[in-house]
Amino acid sequence: MNYQPAILSLSLGRPGIHDFEYKMEKAAQAGFKGVELFFDDLQAVSRKIAGLIDDSKPTLDQLLAGADRCRDKCANLGITILTLQPYLFYDGLLDRTEQQRPQVSANFLPASSLIEDTEAHRNALVADLGALADLGAAQAPPVRFAYEALCFSPKINTWQAAWDVVKRAKRPNLGLAIDTFNLVGRIWGDPASADDGRQVPNADAELARSLRELVAKVDLAKVYYLQIADGQRMETPLVKGHEFHVDEARGGYLSVEDVVRAVVEELGYKGSMSLELFSRTVAEPGD
């Protein structure tokens, strides 16, 4: 079926505070058919099974046991695990020996940790993600990787940059994750702006231009999934000395609907629609 509703497991409560299996039961009751399994949830389930305390790091075997538990629970509830994420701090590192770390993925480390020259950095990304995709392709069944631009990354902070890397890598199991927050947050929103809407100049026109380009240039087969997320609009500009006060009654902030309509109605995406919420409230105790 098309357009199946999905959600990030972290969005239902922080791991270690909120039980994964309970969260999945509530997700199923709410009609969700897919979940993005957050790695911290997998670790929490693995610790629980193994009887580990605090933040002890599970072994590989313990993680595999945790993965079995997560899979079985979701399958019994009719929920598909769409992805395991995030895969942190892997691409474009200045110190190439650091790629041997077991925790690898997205590129929001300080610029000083990344290759400085733009073209050299981009070439390294292509090599890094190509090698990662090759490892995944050798598995049975093959593992696919969805590469996501992050609006706060010092290097790959637009969908165009991520798409360039995916195209140049030329791997059948490497595609894009399109995230409304990260796309709009880079070219439309500006939390430090003095404008009441916290927008960049000509925000709507710039977003429309970017979405027209996305529809014209991105291969639909390479859009592995769509993440739908908004941001919080600040009451006052997010500048030095800001107390991080938010007027909750204002609701949504970013032009999320514009991105979803472009990807779904114009590009033709028909896959899962995953809601991804990062909020201070997920760490609060209670149901």
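The crossing of helices H6 and H8 is right-handed, a term used when the near helix is turned clockwise from the far one by less than a right angle, the anticlockwise case being left-handed. The model is predicted; local features require pLDDT of at least 70 and side-chain atom pairs pLDDT 80 or more, whereas totals for chains, interfaces and linings use all residues. Residues are numbered from 1 along each chain as its sequence is written, and side-chain values use heavy atoms, with hydrogens and water left out. Helices (H or I, at least four residues) and strands (E, at least two) are DSSP runs numbered from the N terminus.

Helix H6 spans residues 180-187 and helix H8 residues 256-266; their axes come within 9 Å and cross at roughly 120°. Axes are lines fitted to C-alpha atoms, for helices over the stretch in contact, and angles run from 0 to 180 degrees between N-to-C directions. H6 and H8 are therefore oblique to each other. Angles under 35 degrees count as roughly parallel, over 145 as roughly antiparallel, 65 to 115 as roughly perpendicular, and the rest as oblique. On the H6 side the contact (heavy atoms within 4.5 Å) is made by Thr180, Leu183 and Val184, and on the H8 side by Val256, Val259 and Val260. These residues comprise 5 nonpolar, 1 polar and no charged. In this classification Ala, Val, Leu, Ile, Met, Phe, Trp, Tyr, Cys and Pro are nonpolar, Asp, Glu, Lys and Arg are charged, and the others, Gly among them, are polar.

From H1, Phe20, Glu21, Met24, Glu25 and Ala28 meet Arg69, Cys70, Lys73, Cys74 and Leu77 of H3. The contact of H1 with H3 contains 6 nonpolar, no polar and 4 charged residues.

Cys74, which lies in H3, is buried, with a relative accessible area of 1%. Buried denotes under 20% relative accessible area, exposed over 50%, and partly exposed the range in between (1.4 Å probe, protein chains only). With neighbours within four places in sequence left aside, Cys74 is in contact with Phe20, Met24, Val35, Ile79 and Ile81. The C-alpha atoms of Cys74 and Ala27 are separated by 9.9 Å, the two residues being 47 apart along the chain.

Two further residues were examined. Ser274 belongs to strand E7 (residues 273-275) and is buried, at 1% relative accessible area. Residues up to four places away in sequence not being counted, Ser274 touches Ala6, Ile7, Leu8, Glu36, Leu226, Gln227 and Ile228. Asp40, in helix H2 (residues 39-50), counts as partly exposed at 33% relative accessibility. Between the C-alpha atoms of Asp40 and Gln85, 45 residues apart along the chain, the separation is 9.0 Å.

Over the whole protein chain there are 8 helices and 7 strands. Of its 287 residues, 45% are buried. Among contacts between residues at least 6 apart in sequence, 69% join residues at least 24 apart. The protein chain exposes about 15,100 Å², of which carbon and sulfur atoms supply 53%; accessible areas come from the Shrake-Rupley method with a 1.4 Å probe, and for residues only the protein chains shown count as cover.
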